[in-house]
Amino acid sequence: MKKLLLAAALMLAAATARAEDNVVKVNAPPESAVAGETAPAKASTIDCADTLGVSRVAEVDTAGGGEYGEQYPPKPLLEKGEVVLTFDDGPHPEFTRQILDALAAQCTKATFFHVGRMLKEFPDVARQVQAEGHTVGTHTHTHRNLGGASMGQAEQQIESAINIAEATLPNGVAPFFRFPYLSDPQRVRDYLAKRNIAVFGIDVDSFDWRWRKPEKVMHNVLSGLDKTGRGIILFHDIHGSTAKAIPALLA
Ligand SMILES: [Zn+2]
């Protein structure tokens with residue numbers, strides 16, 4: 001096992017839906033998350049006034065696993081008004097980079113769940129994601145639906161992606177995992193818990209995989225947030241329409 005994956009805690013960037021300024025404002029931190037300092041400021045050429053920014057950095061203790069998102073039993077992570085931006089299925093040489101630019105322009109951070117074979121094909125993009133201060137977790141090796149996989153196949157899917165990410169990323173990979181199609185058999189959840197890897201479901205779906213219109217993606221997210229008031233938001237950084245939607249949505 002990789003030592004990093006045994007580390008008690010990793011960082012999860014959390015952004016407020018509407019930060020009043022770039023000062024860190026942390027309420028009493030939830031049990032599972034410890035308030036940290038702000039993420040490092042982006043390039044000094046960017047003026048971060050009036051941008052989305054990062055309200056705080058939640059440190060997630062993954063000892064024994066942990067499951068977050070509406071499909072799991074409630075576990076405190078986010079306060080009202082806080083969101084976590086997540087991007088699955090990359091890295092993609094064109095669209096991931098466009099999204100990185102949009103995040104940088106808003107001085108904010110996201111969490112990326114990379115697919116092993118994409119990492120292998122586009123390692124420089126993954127390194128750029130990490131170098132710009134975002135969190136990188138994994139999303140299986142070939143995006144296989146683990147609902148129909150044997151335990152051996154599931155392990156291979158999970159470990160292969162982690163091994164490639166570890167070999168690719170200078171700072172190693174976060175012990176964060178998202179199931180493809182959110183299809184999460186209990187035995188695989190148990191395996192991840194034993195591996196001290198946290199599972200991230202979602203609270204708000206952008207449905208960017210279904211609708212390839214930026215306006216529709218934006219509408220889906222904003223109407224979802226109207227209902228939840230907080231949450232982990234799912235996007236995919238392999239669609240040009242998502243890359244187009246992100247700047248306006250963050251604004
Ligand atoms: Zn996916």
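Reader: What makes Asp89, His139 and His143 the donors of the zinc ion?
Author: Distance does. Asp89 (OD), His139 (NE2) and His143 (NE2) coordinate the zinc ion at 2.0 to 2.1 Å. Donors are N, O and S atoms within 2.8 Å of the metal (3.2 Å for Na, K and Ca), and water is not among the atoms, so the site may look incomplete. The model is predicted: local features need pLDDT of at least 70 and side-chain atom pairs pLDDT 80 or more, while totals for chains, interfaces and linings use all residues. Residues are numbered from 1 along each chain as its sequence is written, and side-chain values use heavy atoms, without hydrogens or water.

Reader: How are the donor residues of the zinc ion spaced in sequence?
Author: The pattern is D-x49-H-x3-H. The pair Asp89 and His143 links distant parts of the chain, 54 residues apart. Asp89 sits in the loop between strand E5 (82-88) and helix H2 (95-105). His143 sits in the loop between strand E7 (135-138) and H5. Helices (H or I, at least four residues) and strands (E, at least two) are DSSP runs, numbered from the N terminus.

Reader: Why is Asp89 called buried?
Author: Its relative accessibility is 13%. Buried means under 20% relative accessible area, exposed over 50%, partly exposed in between (1.4 Å probe, protein chains only). Asp89 therefore counts as buried. His143, at 17%, also counts as buried.

Reader: What makes the phi of His143 worth a remark?
Author: Phi of His143 is near 65°, a positive value in a residue other than glycine. Leu182 has a positive phi as well, near 55°.

Reader: Where is Leu182, and is it buried or partly exposed?
Author: Leu182 lies in the loop between strand E8 (176-177) and H6. Its relative accessible area is 30%, so Leu182 is partly exposed.

Reader: Which residues does the cis peptide bond join?
Author: Gly90 and Pro91, with omega about 5°. Pro91 lies in the loop between E5 and H2.

Reader: How do you know that Glu159 is buried?
Author: Glu159 has 18% relative accessibility, so it counts as buried. Glu159 lies in helix H5 (residues 151-168).

Reader: What makes the pairing of Glu159 and Arg195 a polar contact?
Author: Their side chains come to 2.7 Å. A polar contact is a pair of N or O atoms within 3.5 Å; within protein, one must be able to donate a hydrogen and the other to accept it, and residues adjacent in sequence count only if both atoms are side-chain atoms. Not counting residues up to four places away in sequence, Glu159 touches Tyr191 and Arg195. Contact means heavy atoms within 4.5 Å.

Reader: Why are H5 and H6 called oblique?
Author: The axes of H5 and helix H6 (residues 186-194) come within 10 Å and cross at roughly 45°. Axes are lines fitted to C-alpha atoms, for helices over the stretch in contact, and angles run from 0 to 180 degrees between N-to-C directions. Angles under 35 degrees count as roughly parallel, over 145 as roughly antiparallel, 65 to 115 as roughly perpendicular and the rest as oblique. H5 and H6 are therefore oblique to each other. H5 contributes Met151, Ala154, Glu155, Ile158 and Glu159 to the contact, and H6 contributes Arg187, Val188, Tyr191 and Leu192.

Reader: How do you know that H8 is largely enclosed?
Author: Eight of the eleven residues of helix H8 (residues 240-250) are buried, so the rest of the structure largely encloses H8. Among them are Gly240, Ala243 and Leu250. The cover includes E5, H2, helix H7 (214-228) and strand E11 (231-236).

Reader: What makes H7 oblique to H8?
Author: H7 and H8 pack at about 55°, with their axes 8 Å apart. That angle makes H7 oblique to H8. The contact is made by Pro214, Val217, Met218, Val221 and Leu222 of H7 and Ser241, Lys244, Ala245, Ala248 and Leu249 of H8.

Reader: Why is Ser206 called buried?
Author: Ser206 has a relative accessible area of 0%, so it is buried. Ser206 is placed in the loop between strand E10 (204-205) and H7. Its side chain reaches the backbone oxygen of Leu234 at 2.7 Å. Leaving aside neighbours within four places in sequence, Ser206 contacts Val217, Asn220, Val221, Leu234 and Phe235.
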